Structures are given as C-alpha cells and as structure tokens.
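Subject: Structure for you to look at

Hello,

Here is the structure I said I would pass on. Please open it first and keep it beside this email while you read.

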Amino acid sequence: MPRYIWLLVIATVINVTGGSFLWPLNTIYMHNELGKSLAFAGFILMFNQGASIVGNLLGGALYDKYSAYKTILAGTFLAMIASVILAFNHGIVAYSILLIIIGFGNGITWPIMFAMAGSLWPDGGRRAFNAVYVAQNLGVALGASFGGYVASFSFDYIFIANALVFILFFLLVLFTFKGMDQSKDRQMHTSVLEQRAKIHNKTAFISLLILCSGFLVVWIAYSQWQSTIASHTQSIGIPLEQYSSLWAINGFLIVLAQPLVKWFTDRITSPKQHIHIGTCILIISFTIAMFAENFTMFAVAMVILTIGEVLVWPAIPTLANKLSPKGRSGFYQGIVNSIAALGRMIGPVLGGFIVDFYNIQLLFIIVIVLLFIPFITTKFFEKDNQMKRQTM
C-alpha cells in the first residue's frame with residue numbers, strides 16, 4: 001500500500017480505539033448509570049448522529065473544494081476538545097451536549113478519510129476502502145477489549161481514556177497529514193463544461209441514493225447491537241465486560257478474516273453480490289440473537305454478524321466511488337457516511353421506543369423483516385445503472 005494509505009490506517013486505528021472506549025457503552029451508561037429510559041438514550045444518540053451527518057456533508061464538501069488537511073484537522077480538534085471536557089464533566093446535560101459536538105467533529109473527518117483512500121490509491125479499488133474499514137475494526141477491537149474492563153471499575157476512567165486517545169489522534173493528523181493536500185486528486189469543477197458534466201451525472205447521484213436506501217436499513221438494524229441489544233444483555237445478567245468483549249470479537253475477527261475475505265472477493269467480484277450474501281448472513285445473526293439467553297449464544301450471533309458486515313460495509317463506498325464524477329468523490333463518500341449516520345440516528349430511537357412500549361422480541365422480528373429491503377434496493381440500483389448505460 002502507498003505510504004499515505006498506511007498513515008490513514010494508523011490514524012483510523014487510533015481514532016476508533018478512542019471512540020470504542022465510549023460508543024458501545026453509551027446506552028448502558030445513560031440507562032443504567034444515569035437512570036434514563038432507552039427512548040431517551042436513543043434520542044441523545046439520534047442527535048449525536050444527526051450532528052455526524054452535518055459533519056459528513058460539510059467534510060465531504062470541503063474536501064472537494066478546499067483543503068483536506070485543514071478540514072480534517074479542524075474536525076479532529078473540535079472532537080478532541082469536547083472529549084477532554086467530557087473527561088471532567090459527564091453529567092447528563094454535559095454528556096448530551098458534548099456527545100453531539102464529538103459526533104459533529106468526527107463526522108467531518110470520515111468522508112475525508114474514505115475519499116483520501118480512493119484518491120491516494122486509485123488503482124487499489126476495493127482494497128483502499130477495505131484498508132480503512134479493517135483499521136476501523138482493529139480500533140473497535142482494541143477499544144472494546146479494554147473499554148468494558150475499565151468501565152467495570154469506573155466509567156470515569158472510560159472518559160479519560162477516550163480523551164487521551166483523541167489527543168494522540170490530533171497530534172498524528174497535525175504532524176503527518178499536511179502533505180496529503182499535494183498528493184490528492186484535486187480535479188475541481190472550474191469550467192462550464194465540467195459544471196454541465198455534473199448536471200448530466202444526476203443519474204449517478206440517483207443510483208447512489210437508491211443504493212444507500214438499502215444501506216440505511218442495514219444500519220438501522222446493526223445499530224441495535226450498540227443500543228437496545230446492549231441494554232438487553234445487561235437485563236439478562238451478562239456482565240458489562242462480557243458485552244464489550246462481543247465488540248472485541250467483532251473487531252479482531254474482521255482483521256483476522258481478511259485473507260478469507262480476499263479469497264472470497266477474488267472469486268465473487270461483484271459488490272452487489274457481496275451485499276446480497278452479506279445481508280442474508282445478517283438475517284441469520286439476528287435470528288440467533290432473538291433466541292439468545294447467554295453470552296455464548298450472543299457471541300455466536302456476533303461472529304455471524306461480523307461475517308455479514310465484512311461483505312456489506314466495504315461494498316457500499318466501493319460502488320459510490322465508481323459512481324462519483326471527477327472531483328466529487330468527497331461529496332459522494334460524504335453521502336455514504338451520512339446515510340450510515342442516519343441509520344445510527346434512527347435505529348436507537350426506533351428500537352428504544354419498541355422495547356420501552358412492547359418488547360425486545362418484537363424488535364427482532366421488525367429488524368429481520370427490514371433486512372429484506374436491501375435485496376429490493378440493490379435490484380433497483382442495478383436496473384437504474386443499466387438504463388444509464390443505455391442512454392450514454
């Protein structure tokens with residue numbers, strides 16, 4: 001891999017490790033430690049992800065039109081300051097406000113990370129986005145491995161660890177990312193013809209929205225593991241450190257499974273097929289989780305969930321990169337990241353209301369039904385692309 005891709009990978013591991021001390025435990029902290037309902041916790045996470053969406057769109061647009069380095073530095077600085085304040089003040093009001101600010105700051109960085117991966121390694125294809133994805137999950141594994149253990153002593157230590165890692169991430173960006181502005185593809189829309197090309201590519205943008213509608217549903221389902229399922233494991237007596245170890249399993253398995261993933265994707269090269277197969281596996285995972293009553297069964301469900309996500313997650317930015325016109329990669333990756341954030345925004349609120357007013361079993365049934373939608377949207381996406389090619 002190119003040198004800057006390695007820097008992106010290292011930075012991603014550090015950033016996600018810090019975040020993974022906190023995000024798997026957000027619902028548990030608000031519900032168990034602060035005594036708030038699941039619906040309330042869902043609303044706070046909704047605002048966190050809403051801020052992340054705004055940050056995604058802003059970060060993607062600034063990447064296309066301005067400086068990748070200065071934009072990612074600003075987003076990282078904002079998230080770092082908020083995490084430092086959170087380490088000293090994490091009552092419900094401060095926690096809610098600072099979580100939103102962290103969401104906004106982090107939201108700015110992620111479309112730039114993915115867009116830079118595609119720009120700095122244009123011949124890498126799926127491998128470029130997969131490198132960032134694997135780095136994210138190595139960070140999840142490292143953060144979750146220690147997060148649950150540390151939280152079992154005191155949640156105060158979680159906030160301190162989160163702040164320290166964000167400081168490290170900011171320093172890495174500050175001192176190593178500056179040269180990326182010179183290395184990235186800065187093809188801008190500066191001429192009338194290029195502006196017309198942007199208008200003529202509305203079909204590509206529509207295709208992206210069709211594709212992302214299925215991605216939204218998958219994220220609504222997946223986010224239950226970080227919210228309602230997290231609380232459910234506590235209610236049936238699974239210790240906090242064991243719940244966190246589920247995410248350690250998830251992260252380490254994603255990293256260790258990469259040779260198998262490469263073997264699979266070399267033989268089945270279509271990203272659309274990756275989405276279909278991966279979604280089938282996700283349905284199996286949620287079916288097992290619906291009947292799980294102990295840690296072992298949840299661990300089995302998590303292993304299966306991980307196999308599904310390693311196929312689905314990198315496929316979406318790969319297709320988005322193929323669809324994006326020249327000079328619009330940052331914007332398209334911003335849309336993909338925003339859709340993922342929207343799913344994480346809707347999921348906890350929807351799940352929280354269903355569990356508060358009905359039960360967790362109904363939620364599992366609804367999630368399994370929703371996961372059939374990506375098969376439909378991917379089919380429409382394929383038809384839309386065929387029509388686009390016929391009119392070109």
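Is K262 buried, partly exposed or exposed? K262 counts as partly exposed, because its relative accessibility is 49%. Please keep in mind that this is a predicted model.

**The salt bridge**

K262 has a partner: D266 forms a salt bridge with K262, and the closest N and O atoms are 2.9 Å apart. The structure holds one salt bridge, so a residue counts here when a side-chain nitrogen of Lys or Arg is within 4 Å of a carboxyl oxygen of Asp or Glu. Both residues sit in helix α13, which covers residues 258-267, and since they are four residues apart there, about one helical turn separates them. D266 is also partly exposed, because its relative accessibility is 45%. For both values the limits are these: under 20% is buried, over 50% is exposed, and partly exposed is in between.

**A pair of packed helices**

Two packed helices are described by the angle between their axes and the distance between the axes. Helix α10 (residues 202-222) packs with helix α16 (residues 315-323) at an angle of about 170°, and their axes are 10 Å apart. An angle over 145 degrees counts as roughly antiparallel, and α10 and α16 are therefore roughly antiparallel to each other.

Which residues meet between α10 and α16? From α10 they are A204, S207, L208, L211 and F215. From α16 they are I316, L319, A320 and L323.

F43, F47, F353, F357, Y358, L362, I365 and V369 make a nonpolar surface patch of about 820 Å². Three helices each supply at least two residues of this patch: α3 (38-65), α17 (329-357) and α18 (360-370). The largest share comes from α18, with three residues.

F43 counts as partly exposed because its relative accessibility is 33%. Residues need over 30% relative accessible area to be part of a patch.

**One more residue**

L256 belongs to helix α12, which covers residues 240-256. With a relative accessible area of 67%, L256 is exposed. How far apart are the C-alpha atoms of L256 and L45? They are separated by 30 Å, and the two residues are 211 residues apart along the chain.

Regards

Conventions:
Residues are numbered from 1 along each chain as its sequence is written. This is a predicted model: local features need pLDDT of at least 70, side-chain atom pairs count only at pLDDT 80 or more; totals for chains, interfaces and linings use all residues. Side-chain values use heavy atoms; hydrogens and water are left out. Patches are made of residues with over 30% relative accessible area and no salt bridge: like charges are joined within 9 Å, nonpolar side chains (Val, Leu, Ile, Met, Phe, Trp, Tyr) within 5 Å. Accessible areas come from the Shrake-Rupley method with a 1.4 Å probe; for residues, only the protein chains shown count as cover. Buried means under 20% relative accessible area, exposed over 50%, partly exposed in between (1.4 Å probe, protein chains only). Axes are lines fitted to C-alpha atoms, for helices over the stretch in contact, and angles run from 0 to 180 degrees between N-to-C directions. Angles under 35 degrees count as roughly parallel, over 145 as roughly antiparallel, 65 to 115 as roughly perpendicular and the rest as oblique. Contact means heavy atoms within 4.5 Å.
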